[in-house]
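Reader: Could you walk me through this chain before I start on my own notes? I would like to begin with the overall picture and then turn to the charged side chains.

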Amino acid sequence: MQNRPKNFIKRFVLFLVTSFILSSMFIFPEMTIADHIDSELVQSTSATKEIQKIFPYAVPAPKKNNEEEPIRNLQDVKVIPGGQSIGVQLETKGVLVVGHHLVNGNKGDISPGEKAKINVGDVIVKINGEQIKEMNDIKSYVEEAGKSKKMMDVTVKRGKDTIDTKLEPVLDEKEKQYKIGLYIRDSAAGIGTMTFYDPVSGKYGALGHVISDMDTKKPIEIEDGSIVHSSVTSIEKGDNGIPGEKQARFEEADHRIGSIKRNTDYGIFGVLEKEIDHEKYNKPFPVALSHEVEEGPAKILTVINGEEIEEFDIEIVSSVPQNNPSTKGMVIQITDPKLLKETGGIVQGMSGSPIIQNGKVIGAVTHVFVNDPTSGYGVHIEWMLQDADIIPHRDEKQKVA
């Protein structure tokens, strides 16, 4: 018994060293966002009857202190595991700047946007004091300012800072149009995997990691978004140094099955608005605390063909009990012969695939190691439940205490 603490310390140190070495060799199977520049939520506890139509196992938890959402401990939470392939469609808060370009003006080539010190990754939120929500909102301001030879008052969000600047459009001598020398985008799309949904509130979590813009590599701040049904059409197998990828098609936003209200380090979160099917796992499962996760066999749920959710064997190589949120809680390895044959291991689009062990949902697949696509990282389920607002954050628990 006296050797157990020492053995745990050895395993913990080994995990940290392994993580440090491998961290230089992995990439995130994050949803890189396609360029889509051309292109009422279900109330949770306040609409119990409607939710129970969608989620037959929903049992309303008692409210406390007249709060809209009941406070639940992790031990009281049961979720229905996901595994479904989903299409993700996002609308940004404002218009995202993804690049600069030169405008051929009468005084030579210049980028007015760059001259105004608007950076890649900035989000244009206001012009002349008026809210900007989409790209089409900008065109009329540029044309008006150009013809009247006036500056535009532009407000951009840069991280947590809000910055005001002045921007003067320039007439392109070739195209005879006023331009600002910025490449911009107001929406994005991709695919991922559903991790879980809560039959009490209808809230869900997916992906297990943040969605970043493919050009700026920065997290996308969302105004609104939708998840829709998705069907996997083919798999590009992963190999050493080259991650694989799911190819899929998905429905338009008017066929959405849920909202997206948050995009965090631990995934995307919102509320389901339509029932989603799960042939094998259609009853709620308990969830595991990080210290309950064991090294050894486990399973993941994911789709590799069409919309069929399949169960595959994996090994939990290492797991560290965590008191604070971290995106890398487990090292996992794919051991299932069929999955290895079809995908080569963990592939992009598999992010969010739920991990189940000993009859509990313990987390989700999040990363793949570039030099070993059979292995990667997983995130503990607790941190996703926090960001889904299903359980309180640990600092909130401490304040209540």
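Predicted model: local features only at pLDDT ≥ 70, side-chain atom pairs only at ≥ 80, totals over all residues.

Reader: Fine. How many helices and strands are there in the chain?

Author: The chain has 7 helices and 26 strands, and buried residues account for 52% of its 401 residues. Its accessible surface is about 20,100 Å², with 48% of that belonging to carbon and sulfur atoms.

Reader: And which residues have the most contacts inside the largest nonpolar core?

Author: Those are Phe196, Val287, Met384 and Leu385, in a core of 25 residues. At least two residues of this core come from each of β20 (296–303), β25 (360–369) and α6 (381–387), and the largest share, 4 residues, is supplied by α6.

Reader: Switching to charges: how many salt bridges does the structure hold?

Author: There are 13 of them. One of these joins Lys166 and Asp153, at 2.4 Å from N to O. Lys166 sits in strand β9 (residues 161–167) and Asp153 in strand β8 (residues 152–158), so this pair ties together parts that are 13 residues apart in sequence.

Reader: Which parts does the pair of Glu221 and Lys157 tie together?

Author: Glu221 and Lys157 form a salt bridge whose closest N and O atoms are 3.0 Å apart. Because Glu221 lies in the loop between β13 (203–206) and β14 (222–236) while Lys157 lies in strand β8, the pair ties together parts that are 64 residues apart in sequence. Glu221 is partly exposed at 32% relative accessibility, and Lys157 is partly exposed at 29%.

Reader: What about Glu292 and Lys360, how do their side chains meet?

Author: They meet in a salt bridge of 3.2 Å, N to O. Glu292 is in the loop between β19 and β20 and Lys360 is in strand β25, so the pair ties together parts 68 residues apart in sequence.

Reader: Now the surface. Which residues gather in a patch of negative charge there?

Author: That patch is made of Glu275, Asp277, Glu279, Glu307 and Glu308. Glu279 lies in the loop between β18 (267–271) and β19 (285–286).

Reader: Is Glu279 buried or exposed?

Author: Glu279 is exposed, because its relative accessible area is 78% and the cut-off for exposed is over 50%.

Technical notes:
Residues numbered from 1 in each chain as written. Heavy atoms only, no water. Patch = residues over 30% accessible without salt bridge, like charges linked within 9 Å, V, L, I, M, F, W, Y side chains within 5 Å. Areas by Shrake-Rupley, 256 points an atom, 1.4 Å probe, with all protein chains shown as cover. Salt bridge = Lys/Arg side-chain N within 4 Å of Asp/Glu carboxyl O. Lys, Arg positive; Asp, Glu negative; His and termini not counted. Charge placed at Lys NZ, Arg CZ, Asp CG, Glu CD. Buried < 20%, exposed > 50% of the residue type's maximum accessible area, 1.4 Å probe, protein only. Core = buried A, V, L, I, M, F, W, Y, C linked by side-chain atoms within 4.5 Å.
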